[in-house]
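Here is a short briefing for a reader new to this structure. Please look over the sequence and the model before reading the points.

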Amino acid sequence: MLTIFVLIVLIGLSSIGRINDVDLGFFGSVVAGFQKLVFNTGQTVTSSFYSVQEIVRMREENIMLTDNVHELQEQVRILENIVNKSEALETEYEMKKNLSYDYVVGQVIAMDDSNWFSRFTIDKGEQDGLKKNDIVIHAVKTDKGVVQIGLVGVITETSSNWSKVITLLDESCKVSFRDINTDESGIVQGSNDGTITGYFFNSKAEVNKDDNLVTSGIGEVYIPDIYIGKVRDVVPTTDVSTQKIVVDSAVEFTKLNRVFVLKVNR
């Protein structure tokens, strides 16, 4: 409003800058200068306003596109998983299409003193229906439902309103996996330097960089087909009975502040 008022005043002043074709000289020039300054300032303010609007719009579009990418990645992994299995494809498809679990969304409220984010506490517990060995994943909500990003770990202890979680980065956390590109299986676990390593049961398994790994379901804790991550490296070892790998987790643990806990009835 102040800018509009000043513009009106200056327009009025500019109209007297020349009276009956008589040039008022210096005063008219000063008025013209003020007009130019105010006009340019108004243009700058207007441009800045639209720039802020554009930044907000772009940020919202980026969030939406990121969620869509996670959804598409999950669809690709499911299709790869199905295509690379030679038996019971129709049954596999129906199982995955109808597979769903009740879940609770928890907020990370405390981290352990480790530099590798291997353990933390969330704000949900027994009163929310959580129990020991419930599976913790990172996921996003989209218009089509909850899309998993990757396995985080498992609940190790619960109280009425909090639960403790151990993650893939902890050396005591061991998870059986399956390579969806080859259907070979093995074990992955964390280490004291924050990396995730593992080995294939078959020492002659054909392993390639960027192979996708999911939980195999072997054991009493992890349900099958939760995405773990990709093979980063295949490491030569002196043990001829196994084949060692280094794994890149699908989860960015340093940015983790919210998790989904799957309430699985075993």
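A patch is built from residues with over 30% relative accessible area and no salt bridge, joining like charges within 9 Å and nonpolar side chains (Val, Leu, Ile, Met, Phe, Trp, Tyr) within 5 Å. This is a predicted model, in which local features need pLDDT of at least 70 and side-chain atom pairs count only at pLDDT 80 or more, while totals for chains, interfaces and linings use all residues. Residues are numbered from 1 along each chain as its sequence is written, and side-chain values use heavy atoms, leaving out hydrogens and water.

**Surface patch**
- Y199, F201 and I218 make a nonpolar surface patch of about 300 Å².
- I218 lies in the loop between β11 (212-215) and β12 (227-235); strands are DSSP runs (E, at least two residues).
- I218 counts as exposed because its relative accessibility is 54%, the cut-offs being over 50% for exposed and under 20% for buried (1.4 Å probe, protein chains only).

**Barrel**
- Six strands, in the order β8-β9-β10-β13-β12-β11, close into a barrel with antiparallel pairing; strands pair if DSSP finds at least two bridges between them.
- From one strand to the next, the twist averages 40°, taken between N-to-C directions of lines fitted to C-alpha atoms, on a range from 0 to 180 degrees.
- β8 (residues 174-179) pairs with β11 in the antiparallel sense over three bridges.
- R178 is opposite V214 in β11.

**S176**
- S176 belongs to strand β8 and counts as buried because its relative accessibility is 9%.
- Its side chain makes a polar contact with the side chain of S216 at 2.8 Å; a polar contact is a pair of N or O atoms within 3.5 Å, and within protein one must be able to donate a hydrogen and the other to accept it, with residues adjacent in sequence counting only if both atoms are side-chain atoms.
- The S176 side chain also reaches the backbone oxygen of I218 at 3.0 Å.

How values were computed:
Accessible areas come from the Shrake-Rupley method with a 1.4 Å probe; for residues, only the protein chains shown count as cover. A salt bridge is a side-chain nitrogen of Lys or Arg within 4 Å of a carboxyl oxygen of Asp or Glu. Helices (H or I, at least four residues) and strands (E, at least two) are DSSP runs, numbered from the N terminus.
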